[in-house]
Amino acid sequence: MSEKYEYYKTQREKYVARGVGNGNLHVADEAQSATVKDVEGNVFIDFAGAIGTLNVGHSHPEITKHLKAQLDKFIHPGFNVIMYESYLNLAQKLTEITPGHFDKKSILLNSGAEAVENAVKIARKYTGRQAVVSFVRGFHGRTNLTMSMTSKVKPYKLGFGPFAPEVYQAPYPNISEKSEDLSDELYTQHIINKLHDFFIETVDPSEVSCIVMEPVQGEGGFIIPDIQFVKAVKQICEDNGIVFVADEIQSGFARTGKTFAIEHFDVEPDLITVSKSLAAGFPLSGVVGRKEIVDSASPGELGGTYAGNPLACEAALKVIEIIENEDLNGKAEQLGHQLEAYLTALSQDYEQVKAIRRLGAMVAFEVVDPETGEPDKALTAKIIKTANEKGLLLLSAGIKGNVIRFLPPLVITDQELNKGLNILTEVFEKAIEKQTN
C-alpha cells in the first residue's frame, strides 16, 4: 500500500472511534453515478450506494446544480424558529406520493432511527398504549428504542443494555428456511398462525400502540414476505386499533420498482417512515401518515434542532422529481432483472450461491457451505473483502452474516454495471473453486 493509504489508515485508527465500522479503508475523493474515485486515483464501482442512500447516484448533476444556487440563500434558519418553503413543499409532496387514500401530514427529521422513534412516539400518543411490536430479523436503528426493536444482538445490541421496555418481536416469514415438503402457501399460513399465537402468548393486542414492519427486511437479508402475511398484519392492526407503521428507510424511493415497497402488497400503512435515498446523501428523514394520527402530538412534542434542514429538503424535492422524470421505478425493475440473471448463472458454477431473492433492484443471495448447506459467514466476509480490494464496493447482511446484498444506484450505466459484475466474477474465481459437474 502507498504512503498516503497508510497515513489515512493510521489517522483513522488514532482518531476515529473503534466502534465505527469500515468496509473499505480507502479515502474517497470524488464520485459520479455509480463510480467512486479515491485520493490516489483508484476507481471503485459502487454496489453499496451508501447502504441504500444513493438511488439517484452520486452527485446527480441536477441536484448539485440546484443546491449550489440554494446555498447562497441560507443554510439553516431552523424550522422551529422560522419556516421555509422547502420544508413545506416537501411535507406536501410526501403526503402526495406515499400510499394511502386519506388526508396525511408529515414531520421531517434527520436519520432513519429518528424517524422510527418519532413514529412510535406518535403511535403511543394517539393510542394511549405503550407496547411496540417489531419482527424477528428486523433492523430499525442504533438508538436505545430502535436498537431494542432490532433483532440481531451482535454487533448492534451486545453490551448496550438495558433496553427499552414494552418492545416485542413477532415472527416474520422467510421462504428460504421452510422445509421442502411444505408449499409456500402452507408455510405462510403457518407463520400467520404463529403470529396470531404471538398475540396470545407474548403481548395482548389491546396493549399494543403500533406494529413496525419493514415491507422487505433490509439488514435481515432482504427477506420478502408473502402478500398474505402483510395483509394479515394489517388486519390485526385494524381489528385491534393498532397503528400499522411501514419502515421504508431502506426500501423506499424506487428501490423495489415502486416508489415504496409496501405498494407491492396492496396495503395502506397508517404511518410510513422514510430516509436514506430520500435526499441523495443529505441527512433527512420523515414520518408521513394519517392526519389524525400525526396530529395527536401537541406543538413542541416533536421536532429537533436540525430536523428538516432546508438544503436536504431541496435535495429531496429534486430526488422525487428525478424518480418521476427518469422512471427510476422502471430502471429498478430492469436492473434487478439483470442482477438476478447474473446470479442465477453464477449459481450454476458455484454451489455456494443459494436463495437468490429480489424485489425490484433490492437483490441478495445467501452464501452457504455446499456440503452442509449451512450459512458460511467466513466465506461471505472473504468475498466482501476481496471485492473491495479489487474495486467493487459490496455489502453483506443477514442475521447469520451470510447474505450478500446489492444496492447500486438505480442510475448505474451498463458500463458501470458490467464492470462491477466482471469484478465479482473475478472475486468468485479467486475466493472459491467452481463446482465440478
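Helix 12 and helix 13 meet through Leu379, Lys382, Ile383, Thr386, Ala387 and Lys390 on helix 12 and Ile423, Leu424, Glu426, Val427, Phe428, Lys430 and Ala431 on helix 13, where contact means heavy atoms within 4.5 Å. Helices (H or I, at least four residues) and strands (E, at least two) are DSSP runs, numbered from the N terminus. The model is predicted, and local features need pLDDT of at least 70, side-chain atom pairs count only at pLDDT 80 or more, and totals for chains, interfaces and linings use all residues. Residues are numbered from 1 along each chain as its sequence is written, and side-chain values use heavy atoms, with hydrogens and water left out.

**Packing against helix 13**

- Helix 12 and helix 13 pack at about 130 degrees with their axes 9 Å apart; axes are lines fitted to C-alpha atoms, for helices over the stretch in contact, and angles run from 0 to 180 degrees between N-to-C directions.
- Leu335, Gln338, Leu339, Tyr342 and Leu346 of helix 11 meet Asp414, Leu417, Leu421, Leu424, Thr425 and Phe428 of helix 13.

**Helix 12 itself**

- Helix 12 covers residues 377-390, 14 residues in total, and reaches 20 Å from its first C-alpha to its last, close to the 20 Å expected at 1.5 Å a residue (the expected span is 1.5 Å times one less than the number of residues).
- Its buried residues are Leu379, Thr380, Ile383, Ile384, Thr386, Ala387 and Asn388, buried being under 20% relative accessible area, exposed over 50% and partly exposed in between (1.4 Å probe, protein chains only).
- The cover over these buried residues includes strand 3 (43-46), strand 12 (362-367), strand 15 (403-406) and helix 13 (414-431).
- At the start of helix 12, a side-chain oxygen of Asp376 comes to within 3.4 Å of the backbone nitrogen of Ala378.

**Phe265**

- Phe265 lies in the loop between strand 8 (243-247) and strand 9 (271-274) and is buried, with a relative accessible area of 4%.
- Leaving aside residues up to four places away in sequence, Phe265 touches Pro215, Ile224, Pro225, Ile227, Val230, Lys231 and Leu359.
- Phe265 and Gln228 are 37 residues apart along the chain, with their C-alpha atoms separated by 8.2 Å.

Key
Polar contact = N/O pair within 3.5 Å; in protein donor to acceptor, adjacent residues only side chain to side chain.
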